[in-house]
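Okay, thanks for coming, everyone.

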Amino acid sequence: MFGRQKDAPASPAPGAPRGGALPADAHLKPSILSEGITLVGDLATPTGILHLDGAVTGTVAVTALTIGPTGSVQGAVTATTVTVKGTVHGEITCDELVLAGSAVVTGAVSYRTLTVQAGATLKGPVTRRTA
């Protein structure tokens, strides 16, 4: 009626990739554990994204993990992508690890890609995996 056909595709959202190609996890929304919240126990979701500003004592197994400046994990971390701005006391196993300048990691680290910003602290054995 107003110059647009009913069956015409809607225009993409600003910033969305063109051509209809979206990353496989584009529909996932992050879970957020806010500052002041403490979780004691294991946290696992095979396709989850977690932003952690609080504290976890236990195992964390997610697809993508961001530990904010006030966030901490006391236990093992397994994820495809891990970004640390806070503290981890325990083993990290991931494909991509980014340590911000405020990061403090104590424990064994196993990664494929590692980025360490100036000021980050990493104490423990570090192993680069090739496959």
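Quick bit of bookkeeping: by helices I mean DSSP runs of H or I with at least four residues, and by strands runs of E with at least two, numbered from the N terminus. On that basis this protein has 0 helices and 16 strands. Keep in mind that it's a predicted model, where local features need pLDDT of at least 70 and side-chain atom pairs count only at pLDDT 80 or more, while totals for chains, interfaces and linings use all residues. Residues are numbered from 1 along each chain as its sequence is written, and side-chain values use heavy atoms, with hydrogens and water left out.

So, the sheet. Strands count as paired if DSSP finds at least two bridges between them. Six of them, in the order β2-β5-β8-β10-β12-β15, form an open sheet with parallel pairing. At the edges you've got β2 (38-40) and β15 (121-123), each with a single partner strand, so one side of each has no neighbour in the sheet. One to click on: Gln 74, whose bridge partner in β10 is His 89.

Now the inside. I'm calling a residue buried under 20% relative accessible area, exposed over 50%, and partly exposed in between, with a 1.4 Å probe and protein chains only. Buried residues are 29% of the 131 in the protein. A nonpolar core here is a set of buried Ala, Val, Leu, Ile, Met, Phe, Trp, Tyr and Cys residues joined through side-chain atoms within 4.5 Å. The largest one has 22 residues, and Leu 65, Val 82, Val 84, Ile 92 and Leu 97 have the most contacts inside it. Among the elements giving it two or more residues are β7 (64-67), β9 (77-84) and β11 (92-99).

Contact, by the way, means heavy atoms within 4.5 Å. Skipping residues up to four places away in sequence, Val 84 touches Ile 67, Leu 97, Val 98, Leu 99, Ala 100, Ala 103 and Val 105.

Last stop, two threonines in loops. Which one is buried, and which is partly exposed? Thr 63, between β6 and β7, counts as buried because its relative accessibility is 18%. Thr 59, between β5 (55-57) and β6 (60-61), is partly exposed at 33%. Thr 59 also sits 4.6 Å from Asp 42, C-alpha to C-alpha, though they're 17 residues apart in sequence.
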